[in-house]
Amino acid sequence: MNVVVDLQSVSVRRGPKTILRKITWRVESGERWVLLGANGAGKTTLLQVMAARMHPSEGTATILGNQLGRVDVFGLRPRIGLASAALTDRFPRTEVALDVVRTALSGSTGRWRESYDEAETERALRLLEEFGVKDVAARPFGTLSTGEKTRVQIARALMTDPELLLLDEPGAGLDLGGRERLVAALAELASDPNRPAL
């Protein structure tokens, strides 16, 4: 197995506050992890480091064989699938759901001058269908329910066929039915040996 995440004594500070303190953790390809903790414990911060969206204040974070601080994160990020409430507000409210998924190919959160070929569009539509939201493909992201936004983000996270998949509180804000559908989809995703470390 390959090591996809190697955190060595990672700490994150914001001003005088220490959010993470000396975290050491290794994740190998094919592994499935669940991270539990109270609100404010630093789970989202830890996932932001693993997603190459935040650098540690101390220690080393090596993601997919690349040490943060010594790699172009814009080349690394498309290899990491991320679905997080922290990303939700970064998508333009008027961006249609299909484009939210397709922009994963450029690692951006909004479509500017990119164009997508038929195969890329078909893949995005298949992923939206896999998570039960193909019917919202043409709707603006800002008009979707919390559950629809979450499922669109998970489809987006898989768009680049990532080597590492990070889901930050994917069930937050979902009603009981939405949570059940999501849990079933995630169970299928986790049981597939061809899917990335999760």
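1. The largest pocket is lined by 21 residues, and Trp-33, Val-34, Leu-35, Leu-167 and Pro-170 lie nearest its centre. A pocket here is an open set of points on a 1 Å grid over the protein atoms alone, where a 1.4 Å probe fits, with protein on both sides within 12 Å along at least five of seven lines; lining residues have an atom within 4 Å of a point. The elements giving two or more residues to this lining are strand E2 (17–28), helix H1 (43–50), strand E6 (164–168) and helix H7 (176–191). Helices (H or I, at least four residues) and strands (E, at least two) are DSSP runs, numbered from the N terminus.

2. This is a predicted model, in which local features need pLDDT of at least 70 and side-chain atom pairs count only at pLDDT 80 or more, while totals for chains, interfaces and linings use all residues. Residues are numbered from 1 along each chain as its sequence is written, and side-chain values use heavy atoms, with hydrogens and water left out.

3. The volume of the largest pocket is about 510 Å³, a volume being the space filled by probe spheres set on the points, which are joined across faces, edges and corners. E6 supplies the largest share of the lining, 5 residues. By type, the lining residues are 16 nonpolar, 1 polar and 4 charged. Ala, Val, Leu, Ile, Met, Phe, Trp, Tyr, Cys and Pro count as nonpolar, Asp, Glu, Lys and Arg as charged, and the others, Gly among them, as polar.

4. The second largest pocket holds about 190 Å³ of space. Its lining includes Lys-149, Gln-153, Asp-168 and Pro-170. Helix H6 (146–158) is one of the elements that give two or more residues, and H6 gives the most, with 4 residues. This lining divides into 4 nonpolar, 5 polar and 3 charged residues.

5. H6 has 13 residues and reaches 19 Å from its first C-alpha to its last, close to the 18 Å expected at 1.5 Å a residue (1.5 Å times one less than the number of residues). Because 12 of its 13 residues are buried, H6 is largely enclosed by the rest of the structure. Buried means under 20% relative accessible area with a 1.4 Å probe, protein chains only. The cover over these residues includes H7 and E6.

6. Leu-7 lies in strand E1 (residues 3–14) and counts as buried because its relative accessibility is 0%. Beyond its neighbours within four places in sequence, its contacts (heavy atoms within 4.5 Å) include Ile-23, Trp-25 and Val-49. Val-49 is 42 residues away along the chain, with 9.3 Å between the two C-alpha atoms.

Notes
Buried < 20%, exposed > 50% of the residue type's maximum accessible area, 1.4 Å probe, protein only.
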